[in-house]
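Got your viewer open and a cartoon view ready? Let's walk through this one residue by residue.

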Amino acid sequence: MEGPLDAFVAHGARLIGDVRMGAESSVFFGAVLCGETDFVQLGPQANVQDNCVVEATPGNPVRIGARTSLGHNARVFGATIDERALIAIGARVLPGAHIGSYSIVAANATIPEGMHVPPRTLVIGHGRILRDVTDAEIERIEHGATDYARLCREYRQR
């Protein structure tokens, strides 16, 4: 693992291989990040919540942008997620996919291999683009990132 001293990795989380963490990024309980076949990179204040699986695939690193949140039980394989996005609870992002900034992948949705999600887009189901993300939803993304950056600081002090 490579990262700043102000990043947080919870007890019971696993970082395997080439995992790079940005300032105040966090990996919570039971999450597994695997950078064995390529690297996994978390941007500043990105958070990977409980029981997520994040795994690079051959030729497909994982890049998770600044202030992006991966909700509990989310799965990301060999994909790029730009800054300030939300991958909601139980969602899956498959190899070669690219999620634009300020986008939301809804709970339990799947982004198919190679799909490009434009910035500020809400995706549901199996890669179905539903609509643009609202200003209220962007505030929710920002609020979540701020909350997890605070938790990161609190847990480091324990």
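Start by selecting Asn47: at 0% relative accessibility, it counts as buried. Keep in mind as you click around that this is a predicted model. Asn47 sits in strand E5, which covers residues 47–48. Show its side chain and that of Ser69, and you'll find a polar contact between the two at 2.8 Å. Leaving out residues up to four places away in sequence, Asn47 also touches Ser26, Thr68, Leu70, Gly144, Ala145 and Tyr148.

Next, hop to Leu70. Beyond its neighbours within four places in sequence, Leu70 is in contact with Asn47, Val48, Gln49, Cys52, Val54, Ile64, Val76, Ile81 and Ile87.

Now for the bigger picture. Leu70 belongs to the largest nonpolar core, a set of 40 residues, and is listed with Leu33, Val48, Ile87, Ile99 and Ile111 as having the most contacts inside that core. Elements giving two or more residues to this core include strand E2 (14–21), strand E4 (32–42) and helix H1 (135–156). The largest share, 3 residues, comes from E4. Apart from this core lies another one, of 5 residues; select Phe8, Ala10, Phe28 and Cys152, which are among them.

Last stop: the cysteines. How many disulfides does the structure hold? The count is 0. Pick Cys34 and you'll see that the nearest cysteine sulfur, that of Cys52, is 15 Å away. Are Cys34 and Cys52 buried or exposed? Cys34 counts as buried because its relative accessibility is 10%, under the 20% cut-off. Cys52, at 0%, counts as buried too.

Technical notes
Residues numbered from 1 in each chain as written. Predicted model: local features only at pLDDT ≥ 70, side-chain atom pairs only at ≥ 80, totals over all residues. Heavy atoms only, no water. Disulfide = S-S within 2.5 Å. Buried < 20%, exposed > 50% of the residue type's maximum accessible area, 1.4 Å probe, protein only. Helix = DSSP H or I, 4+ residues; strand = E, 2+ residues; numbered from the N terminus. Polar contact = N/O pair within 3.5 Å; in protein donor to acceptor, adjacent residues only side chain to side chain. Contact = heavy atoms within 4.5 Å. Core = buried A, V, L, I, M, F, W, Y, C linked by side-chain atoms within 4.5 Å.
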